[in-house]
Each structure stands twice: as structure tokens, then as C-alpha cells.
Amino acid sequence: MSGNRHPSSLLAGPADELDGGCSLEGAPYTRAVKLSRTLLSAVLLVPLLRVFPAEADPIVRTPANAHYEVTLRAGAKARTWIGHQEVTFENLDGAPLGPRIWLRVWSNGVQGCAAQAISVTNVTGGVAGDLDRNCTALPVDLPGALDLGDVATIGMDLRIVVPRINDRFGRHAGVSLVGTALPTLAVHDDAGWHLDPFIDLGESFYSLAADYDVTFDVPLGIDTPATGSLVSSDPTDGRVTRVFEARDVRDFEWAAGVLRHRSRIDSDGTKVRVWFRPGMKQSTVARMLDVSVTSMQTYDAAFTPYPYPEVDVVLADFVTFGGMEYPQIVFSYPGATVIAHELGHQWWYGVVGDDQYHAPWLDEAFATYASTLVTGHDFCIGKGPARWPSRSTRLTNDMGYWNRHQGDYITVYLQGACALAALDRRFGHELFLSTLRGYVEDHRYGVSTTQDFVAAIEAAAAVHLPGWDVSRFWGHWRIDTGS
């Protein structure tokens, strides 16, 4: 997701500028603590803007209220993980669900069916079918369809073999990064089951907030920064059992290896922890901890306080992309702009979710805009959008389009961030941040759509910018409103 699989150099400095002004006041991250305090003071002076647009029929997303219980035992070098997972879930739809449901086994897409790094066997609570979508989708037939309010549980044995590849799901330089490896319930909504293909360029992920209880049994000396909070750690016979608890998160990820860490509590009480391999320069680690803390404090003030007790930043030497965001943990190249971007995703994808295949701009553009509040990097120049790559390019294109036009994907980041900066300029900085804070509150732990964002901006404009032709703005920035 953001920060995701873009070359880190693309977000490391100025780019072609766009209209409306990305000329947000800011400073390099070493001075951004002052900015975060200024933001907090400004936001406190502006009442939280909660203008409620006319509401369409709500989209019902299910299966929901999921609880995952996972136990995994790691091999000697934490490259292979074997264990069991159970997931309990509820149908929230008035229409029957099933009897077929789907699980996404996303990281099988990294190397495909030939490798099949994640194996699911011995399914209980239903009958498993054959893997589909390049081995990233597993059908399970329940004993019967679920009516509204019905609850079901399915269990499965897991075997995860982390491939030797420098990737968000891979092992490199002695560290395993285990992204989207746990089978996760697919989403059923008004469009049916979402079984979109895995896209290596960015993300296809679409999942609902859930609770996780995960137990790792690993050799002593292997560290496991992960989504959630460590609630117990029991060493026995050369191994250690660690239990993690995560609530209201969209998925669960971890890293494993011989690592060191440094941490600090930010001004909102969140523990910010940076993990690194032994031998990394301490000056680099100190700078990355500084930018991590500053980013979290800035976003606390700008977008609402972080709702989780801690966040982990795992520093990695990615070759083909800068970083990758997950709930309460990010994997990142040790660079200020990349880390600021990835931590911006804690709000834009983490707290406020979206369908990342169909609307990638809702997290990538927002995380890029967020990073400008920390780094002061100005991606926008001039009075209009930068030149669009083609007539078919639109901010609201899906990942299928961007996968066919990979060289144009940076448009989502930069052009998208500058569209938001143009709104910032139009509303005024404090009022725009207040609008975003209201938007976060309205969609906390839920799923947002382009239509939701358009409705929120139009409702705010009706109150604060009467006479402004907001429809012209959407056309100017090639944002399809669905109207």
C-alpha cells in the first residue's frame, strides 16, 4: 500500500507540481516536531467538522466481527512456520451468505502456484475446494448458508515457507518479513465476493477490521515484531512462546530475525519502536526513530489520535520499493519520506479502510499528502495538475488499469496528493484538517469509498464555500464521483 511497492526514489524529493498548491507550510522532519505542535494548536481552535451528507443505502460488508486465533511454530531460522488457525465470523447481511465463502491467501501471489509458499490443509467447519486466482483464493463450503446474525467457525492447518526474496513477503539478510501470510476472510458486499487478482505493483487487499490472538513459538534469540501488542513471553528449553493481541485491525503481519530495537513514547502516549539489524549505524537508527515519532505526533494532531497502543517500524534494505504498511507495523527503507508515508497509512488504510484494488488513491494519495505535513516536501508546482500520462488516466482508476500502465502508477501518489493539497488550499489548512478528522471519525474501522469522500467534501463545501463549483474540481482532477 502505499509506500508500498514504489521505487523509494520516487517519493524522496520534489516532483512535477500540480495545481491548487502542495505548498503546505512545513519543515524537514528534524524541525517537524514544531509543526506537529502547531497543527495540534490549530486543530483545537477549529471545531471538529461533522457535516453529514445525505446518506445513500448503506453497503453491507460481510462476513464480519471476525476473531482469528493462530498458533505457529517457527523453524530454527524462522523461515518456516507450521501451525493452526481458526476464524469465527458472523453474517451481517439480511440475505443468506454462502454456503460457499472465500479466504484470501494473498502472499501465494508473490511467486505463484508453483511455489505455493502458504499451504492450507485439514480444513474443519466446512469443505475446502481448490485454490483459485493464482492460488490466492480458497473456497470453503459451509454445511449451510448463514442467515442474518448466524455465526460460523472454520479451522485449518497452516504451513508458511518464507521465500528467499527481498520482498514484503520474503527473507533477506537474515530477516523474514511475513506480510499477508495468514488466510483472511474475503469480503462480500453489494458487488458480491471480491476475488480480485494479486497485483505485485501495489495492493489488491480488501478486508474488514477483526480481532487477532496470535501465539508464536520461536527459538530464543529470534525477535518477532508484529501487529498488536505482546501480552506474554515465556522462555522454555531454548525457545520462547510469545502471545500477541490485536483488536480492530484489517490483517496481521510480523517480522522475524535477530534484531535490535529502540523506542520512545510519543506525545499522545503511543509507543513507537524501530527495529533494525545489528550493525546498522546508530545515527541512522536515531534519525529514523526521530522521524517515526514526529510522523505519529503530526498525524495524531492532524487526523485524530492513533487508536492503538504501539506501532513498529522494521528497517529493511528493499531494492525495488520503499516500504510496505500494515496495521501497527511497517516495513521500510531507512528514509524519512518513505517512513512518513508508510506511517501515514496507519490512518489511511488502517483506521479508515478502503478497497485497495478498486480505489488505490484513497490510501496512496492520502498517505502521500500526510507525509508532506512531516517532511515539508512540496510535490506540487504551478497552478494546475501536472501533465496527465494519457487521456485514460484518472486518479480513480483501479489496480487493473495501473498494472497495465505501470510507468504511470506514480500518478496516484503525486497527482493524488496534490488534489488533496488543492482542497487544503481551497478550504484553508485548519478547516481542511478538521474536515478530515470528521471523516476519520465517521469511517473509523470501516471502509470508505470515493463516493463517501466526495459526499463529505461536498457537504463541507455547501456550508463553508457556498457558490464553489465543486463538480468542476472533481473533473479538473479526474476524480470519478459515481454520480
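Q: Is Arg100 buried, partly exposed or exposed?
A: Arg100 is partly exposed in this predicted model, with a relative accessible area of 37%.

Q: Which residue does the side chain of Arg100 meet in a salt bridge?
A: The partner of Arg100 is Asp141, at 2.8 Å from N to O. Asp141 lies in strand S6 (residues 137-141) and Arg100 in strand S3 (residues 100-104), so the pair ties together parts that are 41 residues apart in sequence.

Q: And how accessible is Asp141?
A: Asp141 has a relative accessible area of 28% and is partly exposed.

Q: How many salt bridges does the structure hold?
A: There are 13 salt bridges. One of them joins the side chains of Arg73 and Asp217, at 2.7 Å from N to O.

Q: Which residues are linked with Arg73 in a network of salt bridges?
A: The network links Arg73 with Asp217 and Arg239.

Q: What about Asp290, which residue does its side chain meet?
A: Asp290 forms a salt bridge with Arg264, at 2.9 Å from N to O. Asp290 is in helix H2 (residues 282-303) and Arg264 is in strand S17 (residues 260-265), so here a helix and a strand are tied together by residues 26 apart in sequence.

Q: Changing topic to helix H8: how many residues does it have, and what distance does it reach?
A: Helix H8 (residues 450-464) has 15 residues. From its first C-alpha to its last it reaches 21 Å, close to the 21 Å expected at 1.5 Å a residue.

Q: Which residues of H8 are buried?
A: The buried residues are Thr450, Phe453, Val454, Ala456, Ile457, Ala459, Ala460 and Ala461.

Q: Why might residues three or four places apart in a helix point the same way?
A: An α-helix has 3.6 residues a turn, so residues at that spacing point the same way.

Q: Which helices do the buried residues of H8 pack against?
A: They pack against helix H4 (361-375), helix H6 (410-427), helix H7 (429-443) and helix H9 (470-476).

Conventions. Residues are numbered from 1 along each chain as its sequence is written. This is a predicted model: local features need pLDDT of at least 70, side-chain atom pairs count only at pLDDT 80 or more; totals for chains, interfaces and linings use all residues. Side-chain values use heavy atoms; hydrogens and water are left out. A salt bridge is a side-chain nitrogen of Lys or Arg within 4 Å of a carboxyl oxygen of Asp or Glu. Helices (H or I, at least four residues) and strands (E, at least two) are DSSP runs, numbered from the N terminus. Buried means under 20% relative accessible area, exposed over 50%, partly exposed in between (1.4 Å probe, protein chains only). The expected span of a helix is 1.5 Å times one less than its number of residues. Contact means heavy atoms within 4.5 Å.
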